Amino acid sequence: MSLKDYFSVRSHATSADISLLLLRFVAGLAFMFHGWGKIQNPFDWMGPDAAVPGILQALAALSEFGGGLAWIIGLLMPLASLGIA
């Protein structure tokens with residue numbers, strides 16, 4: 001296998017593209033819905049006696065809500081996936 005094979009765009013059916021778009025949309029929407037309550041109160045969504053600092057709670061809320069939005073839009077998918085993970 002040559003280096004050119006790794007960077008070439010593989011052709012596949014349009015139905016596969018539509019299926020992946022639909023899957024990305026549904027999964028991104030699920031992450032946005034799950035992060036919606038957290039983004040409403042980002043520094044204290046775990047409660048007052050949480051062992052996690054508020055800034056880390058805010059980062060978790062932002063990565064879940066913003067990562068879902070990025071999945072829907074298709075913007076920076078690897079970075080959004082890293083934030084969600």
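Q: Which residues make the nonpolar surface patch of about 560 Å²?
A: Keep in mind that this is a predicted model. In the patch, residues with over 30% relative accessible area are joined, and L56, at 46%, is partly exposed. The nonpolar surface patch is made by F43, M46, V52, I55, L56 and L59.

Q: Where does L56 lie?
A: L56 is one of the residues of the nonpolar patch. As for its place in the fold, L56 lies in helix 3, residues 54-73.

Q: How are helix 2 and helix 3 oriented to each other, roughly parallel or roughly antiparallel?
A: Helix 2 covers residues 14-40, and its axis lies 7 Å from that of helix 3. The two pack at an angle of about 155°, and their crossing is left-handed. Angles over 145 degrees count as roughly antiparallel, so helix 2 and helix 3 are roughly antiparallel.

Q: What is the handedness of the crossing where helix 3 passes helix 4?
A: Let's take the geometry step by step. Helix 3 and helix 4 (residues 77-84) pack with their axes 9 Å apart, at an angle of about 150°. That angle makes helix 3 roughly antiparallel to helix 4. In passing helix 4, helix 3 makes a crossing that is left-handed.

Q: Is L76 buried or exposed?
A: L76 sits in the loop between helix 3 and helix 4. Its phi is near 50°, a positive value in a residue other than glycine. The cut-off for exposed is over 50% relative accessible area, and because L76 has 55%, it counts as exposed.

Technical notes. Residues numbered from 1 in each chain as written. Predicted model: local features only at pLDDT ≥ 70, side-chain atom pairs only at ≥ 80, totals over all residues. Heavy atoms only, no water. Patch = residues over 30% accessible without salt bridge, like charges linked within 9 Å, V, L, I, M, F, W, Y side chains within 5 Å. Areas by Shrake-Rupley, 256 points an atom, 1.4 Å probe, with all protein chains shown as cover. Salt bridge = Lys/Arg side-chain N within 4 Å of Asp/Glu carboxyl O. Helix = DSSP H or I, 4+ residues; strand = E, 2+ residues; numbered from the N terminus. Buried < 20%, exposed > 50% of the residue type's maximum accessible area, 1.4 Å probe, protein only. Axes fitted to C-alpha atoms, helices over the stretch in contact; angles between N-to-C directions. Parallel < 35°, antiparallel > 145°, perpendicular 65-115°, else oblique. Left-handed = near helix turned anticlockwise from the far one by under 90°.
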